[in-house]
Amino acid sequence: MADVDVLKITNLGKSYPGVQALKGVNLSFRKGEVHGLIGENGAGKSTLIKILAGVVKSDTGEVFVGGQSVEIKNSEDASQAGLCFIHQELNLVDYFNVMENIFLGHKYPHKIIPLIDWKVLKRKAEEILEQLQVKIPLKAPVSYLSAVDRAMVAIARGFAVSGEIYFMDEPATALTDIEKEKLFTVIENLKNQGKTVVYVSHNLDDVLRITDRITVMRDGTVVDCWPTGKMTRDSLISSMIGRNLESAFPGKNSNPGQIVFKAKGINNKHIHNINMEVHAGEILGIGGLVGSGRTELLELIFGVTSLTSGHMLLDEKDYKPASPKAAINKGIVLVPEERRKQGLVLDRSIYENISLMSLNHLAMTGFLDHKKLKKESEEAGRNVRLKTSNYSNHAGTLSGGNQQKVVFAKTVLKPPRMLMLDEPSKGVDVGARFEIYSIIRELAASGTAIIIVSSDFNEILGLADKILFIKEGKQTFIIKNNNMDQERYLNYCYGRAK
Amino acid sequence: MTVEKKQKKASNEFSAGKFIRTWGTLLGFILLLLIFTVIRPDVFPSGRNLKNVIEQVATLAIVASGVTVVMVTGDFDLSVGAIASLVGIVTAMLMKAGVNTPLSILIALLLGTGAGLINGVFIAYGGLSAFVGTLATMTAFSGVALLISGGTTLFGLPENFRFLGQGSLGIIPFSVLIMVAALLTVYTLLEQTTYGRRLYAIGGNAEVSFFSGIDTKKVRLMAFGISGFFAAIGGIVLTSRLYSAHPQAGSPFMLNAAAAVFLGMTAFREGEANLLGTLLGVLIMGVMGNGLNIMGINTYVQSILTGIIIILAVLLSSLAKKKA
């Protein structure tokens, strides 16, 4: 039974203007397996899923479900064929409540058409949430929910109709470890019911843990497809990027100078009594779980939110920014977590994006010198190894890694005193990650103080000189990053010390 | 079909689509000119008539320049017509009360800018949506104009006030010079200053702009102030041209200015308010009105046709966008 192909794809091809996104992909998924699908950004995973979901049409190729050739022209065809999708981006309607969002785009139950049978709807929504083992008030508008609960609602939506094959595209990025475990249990249950789960993720540890087989895509083709037991993290990485990666992190080389930033007993709604110091040339990692207050701490320092008590010092002078503008003027910059929402104006040119934060510095009179702007932006771009042929192209045309480099270029065009990074490698492919780590190292070596927040603990362990652990907005430990291993790191995150 | 062939085909489609998106509206305008020229070769292309068209659109172009600034940030300004009317009434009343003409104009300009800033405070700082905010102030400003004028047309303005709307320097009407100055100012503001860059950044993504250290509230507030300022200039020039002030004289600006900016968004740049586009939009509306008048077409039918043209232009450009 385990060897029956429930879904088979042959010679699937798709080209966009100037890009061949898929070059004749052949792939099959078996009944009752959890199948990992990985690859760098731009490898073709998203295009493949969009074709199966009926969002885009393929140029060539055929799709077989249960041995039958099917044509998927729209989302209805996809769900008819038993394909369910849980998307990476949270497409929720903010002012709809939880159960309305769960059924968004699905067929509503009716007693008498067109009246919606809210009782049945509610019961079904309850069942789905129960299956996911989460408690979320059904009638709350989703805008009131935490990021984690919103992600769970988006996942619940994928279960509103039952199918044979579930596609999950980065379902766990916004989840805490507890919710992630619940999701994995659900995946296990689906598998035991003989359903197939296709799990797409950049988190290789997760993929290695829960899948039975892994398919690796690169440049629009399938390069490898093996049982998970035969793969390791390293082999997956080399297969994804097509070469060996010597080491994931550049060597540490820090030589801390004087104190740049200091916080003494700072408090606000989310942050409670945190004390910290960051030296010139030092990388301070913030350890903690999703939702522990890491992003809130950075936003407080960046002037997005304000202090209720305590004080901050920058170069031994009082520092109390009323807005990001004030923080930037003082030399503290942030690479925000949500690149597409907070970091880049996607439909403006690359050079406009790079120069946006330093307009006052680049054009003191208020009038623009376009040539100078372009030149300085290009230089900043080169410094972060941005790969683009044309700085006048829209930032949205770049790959995830290059987009992140644009954000880096923008924040360091005018060298900052302190650089804060929130999830700097989120959605960045493996090859570009190493470059980003090197850039962070170089900035530190040039004397910039750096604070880094990441959910990928390897990143904190590989980069930070010192780690500040926080839990529920409170500081738990500050520890030098020597001989720290993953287990100790996680214990500290949970507030336990050995 | 081989892969290369396909790719080539795709890239051809892409550039054709791009061409239509960038230049389609301009081509449409040229077509419009040709059609009217063919139908009435004796009247339409004459120098006198074309001068007439430009004179007619001058006030709209001034007001629409200001509205472009607001629309670049993704906001909207429905109140410009009411501001223009109110400013016209106030200018007339001041002059009739014996205040000298330049001072009356200066006060009226400050009033218009102030009215725009009020919009900005409600919208940028108070968090009202631009649509609701300016709808409300439009109603209120119209009310004030009607109230203080007693709802009637004010005549008997000083002779030296005529020049703005009716005088000319050499062969060039003075109102057209004001229009050119307004267009140049707004063009420079949008394309050559850091302020313009910030406006476009906010229009692209307000949250990114905030995180990039832009005082988004202040920038939006100023945009509404600028829109009010240009609405005031439009109102004053219109009052001078009509040589009388009517409490609803500026009303048509509200929809016509928005329509011109929307038409302009289909030209030169993809879906973005831009000043050259706005100018093209204003010209299309002016030429349409003039040409249809010459052909003797009923004004009600003209309205219908204008509506259809706007829908077609926006529809075609969004279709071209989808195809790419």
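Which residues in α11(B) meet which residues in α12(B)? The close-up views below, taken from a predicted model, take up this pair of helices and then a second pair.

**View 1. Packing of helix α11 against helix α12 in chain B.** Helix α11 of chain B, which spans residues 251-265, packs with helix α12 of chain B, residues 275-294, at an angle of about 120 degrees, and their axes lie 7 Å apart. Because an angle over 145 degrees would be needed to count as roughly antiparallel and 65 to 115 degrees to count as roughly perpendicular, α11(B) and α12(B) are oblique to each other. The crossing of these two helices, α11(B) and α12(B), is right-handed.

**View 2. Residues in the contact of α11(B) with α12(B).** From α11(B), the residues N256(B), A259(B), A260(B), V261(B), L263(B) and G264(B) meet G277(B), T278(B), G281(B), V282(B), I284(B) and M285(B) of α12(B). Sorted by class, the contact of α11(B) with α12(B) has seven nonpolar and five polar residues, with no charged residues.

**View 3. Crossing of helix α3 and helix α5 in chain B.** The axes of helix α3 (residues 80-96) and helix α5 (residues 130-149), both of chain B, come within 8 Å and cross at roughly 25 degrees, which makes α3(B) roughly parallel to α5(B). The crossing of α3(B) and α5(B) is left-handed.

**View 4. Residues in the contact of α3(B) with α5(B).** On the α3(B) side, A82(B), I83(B), L86(B), I89(B), V90(B) and M93(B) take part, and they meet M138(B), F141(B), S142(B), V144(B), A145(B), I148(B) and S149(B) in α5(B). By class, this contact of α3(B) with α5(B) has 11 nonpolar and two polar residues, and no charged residues.

Key: Residues are numbered from 1 along each chain as its sequence is written. Chains are lettered from A and ligands numbered from 1 in the order in which they are written. This is a predicted model: local features need pLDDT of at least 70, side-chain atom pairs count only at pLDDT 80 or more; totals for chains, interfaces and linings use all residues. Side-chain values use heavy atoms; hydrogens and water are left out. Axes are lines fitted to C-alpha atoms, for helices over the stretch in contact, and angles run from 0 to 180 degrees between N-to-C directions. Helices (H or I, at least four residues) and strands (E, at least two) are DSSP runs, numbered from the N terminus. Angles under 35 degrees count as roughly parallel, over 145 as roughly antiparallel, 65 to 115 as roughly perpendicular and the rest as oblique. A crossing is left-handed if the near helix is turned anticlockwise from the far one by less than a right angle, and right-handed if clockwise. Contact means heavy atoms within 4.5 Å. Ala, Val, Leu, Ile, Met, Phe, Trp, Tyr, Cys and Pro count as nonpolar, Asp, Glu, Lys and Arg as charged, and the others, Gly among them, as polar.
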